[in-house]
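Let me put the thing up on the screen and then talk you through it.

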Amino acid sequence: MKRTLLVVAVLTLYVLHQDIWFWRTAYPLVFGFVPIGLFYQGCFSVAASLLMWLLVKYAWPAHLEQEIEQREPEEDTTR
Amino acid sequence: MIPAIVVFLYLAAVLYIGIFAFRKAKSKQEAEDYFLASRSLGPFVFLFSLFGTNMTAFAILGSSGHAFSNGIVTFGLMASSSGLVIPLTIFFIGTRVWALGKKYGFMTPVQMFRDRWECSHIGTVIFVVQSVLLVPYIIIGIMGGGTTLNVISGDVVPYWFGGAIVALVVMGYVFFGGMRGTAWVNTFQTILFLLFGAIAIVVIGVGMGGFRSATNAMLSSPALAPLLTRERISPYYFFSYTFIPLSAIAFPHILIFCLTAEKMRHFKKTVIFYPLCILAIWLPCVFLGVMANRVTDVTEIRAKQEARRVLATQGRTMPPEARDKLREESAGDDVIMILLKRYAPLWLAGVLGAGIMAAVMASDSQILALSTMFTEDVFAFYGHKKRFGEKVQVQTGRLFIVLITLVAYAVALRAPETIFELAIQYAFSGFAALSPLLIAALFWKGSTKWGALAVTLWVAAAVTAVAVFQQVVPAPAPGPSIVYGKIGAWEVLSRTPGGTAVFGFMPVVPMVIVSALLMLIVSSATRKPDRGTIAKYF
């Protein structure tokens, strides 16, 4: 279930990158000078970082790391 | 001259970092230490050096130049899509490649492909295609260095001398420091970008009298207002660009960098902070590039805008050469430097110029990657490591670095820069279309060496075809494209002012899709590797 939600989150963010709703307008100007299309894409980058945090927290391939860490002490003792 | 002196001090500092790294590793003569820093990079250096490796001259100068001509769309096209796709590929592919490297001692992608698909010469074909796509970066890095030093010094340092100095410095710290030196220099450079990007935006913003008035003035000008929206860009083109960041993980220098982390957990910070680093560097560059359009009291900016206006209004009736000349004149790759010269005090322009030099010199990782690939995928693979030993292998790597830098410098002096800028455009699409190789090797048991060969040959053919097409058919003036074939409302193939479109998409979209299909179809019809080999990976 957790994995499915994460896949949905990744796909949703990918779709949200195509913000056709702000395509032809610069308004509103955020802080009085940043066009909305640029501000949206900046926020998108922050959202991407949050998504990466979720992936790291809930879908980290820890088995790969454990496998290596188990091998390393074995290799050290055989040296 | 003061800015040039600051830049020279900066160059001396990075050279010293390389020599310091050399002294630290003096006792070691192992290939793994020289080419991969003994797989020992900590989380901080790993994040900043991996990010710095990806931030080429194109990211800093090219992004502001693109924004100057195309507006705010540049950030969504190139930065925010990379902020999603690149960390995803590092998360899914980079971590797995790191684990396999630790387990089986791989130092290059081709070593992994050869083992995974039980092939030898097909690996060599992949090596050749990767190398050909990588070389233009090294050349453009030297060209960028020559141009930047020339501009910063106010023509005191000629282009040929600037290029030679940059080539020597990069060659020096890569030659001495290997991966350790390169990673430390990249970390230093990334910190410079981040610091000076912030300083630049404040200094220029204050100099312009605040961005609020500049934005409002642009919005009231019919010629400039569209730069604050995306109305001139097709949504298909925008969507196509999300395929380009797939190239990052397929670049050999990025994948090789993934092998340098000491622990897999070091990837965590890289994956999380990557989108924020992109935001911190690209947003100021893009915004300043757009705002440069308001600095009409500077002759160079006015000349660029005039060239853009003539191209848009009279371009259709001009011969292709005249259009190309106007395109070159209207290009904005130097707008950040023009803004610095206009608004920053001399000493600060020097410090900020050093930050720009840091971006321009990002060809170090590509040089080191080519050397690693040559010594591992050719020298060692064809038996020379066994014959001559590891020490000779490292020396061969160093010799290769000298040779490739000299050749790149010689080419940079003679060839026009636009050729290599185009080559880099093709290289991004080419590496993106090579990404199915990595995905298939790591996630699909059924993939075979013949599928890998089909993908590689397809990429070589497709990149060549696009290059030839764009060479034979000159780019039209801004406006409607030249269309070849239509199916209903869809334009099959068209030559656009900015490149090529297939069914309205950039060539990278069909290239990646066909690559994936070829891997699927050819692998399904050919013999799989032994079960023992597959068991090593799944």
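So, how many residues of chain A are in contact with chain B? It's 31 residues of chain A, against 38 residues of chain B, where contact is C-beta atoms, placed from the backbone, within 7 Å. On the chain A side, helix 1, helix 2 (36-59) and helix 3 (62-78) each give two or more residues, and helix 2 of chain A has the largest share, 12 residues. By class that side has 19 nonpolar, nine polar and three charged residues; nonpolar is Ala, Val, Leu, Ile, Met, Phe, Trp, Tyr, Cys and Pro, charged is Asp, Glu, Lys and Arg, and the others, Gly among them, are polar.

Quick housekeeping. This is a predicted model: local features need pLDDT of at least 70, side-chain atom pairs 80 or more, and totals for chains, interfaces and linings use all residues. Residues are numbered from 1 along each chain as its sequence is written, with chains lettered from A and ligands numbered from 1 in the order written.

Chain A itself has three helices and zero strands, these being DSSP runs numbered from the N terminus (helices H or I, at least four residues; strands E, at least two). Of its 79 residues, 20% count as buried, meaning 20 or more other C-beta atoms within 10 Å of the residue's own, again placed from the backbone. In helix 1 of chain A the number buried is zero out of 15, so that helix lies largely in the open.

Notes. A residue is buried if 20 or more other C-beta atoms lie within 10 Å of its own, exposed if 12 or fewer, and partly exposed in between; C-beta atoms are placed from the backbone. Two residues are in contact if their C-beta atoms, placed from the backbone, lie within 7 Å.
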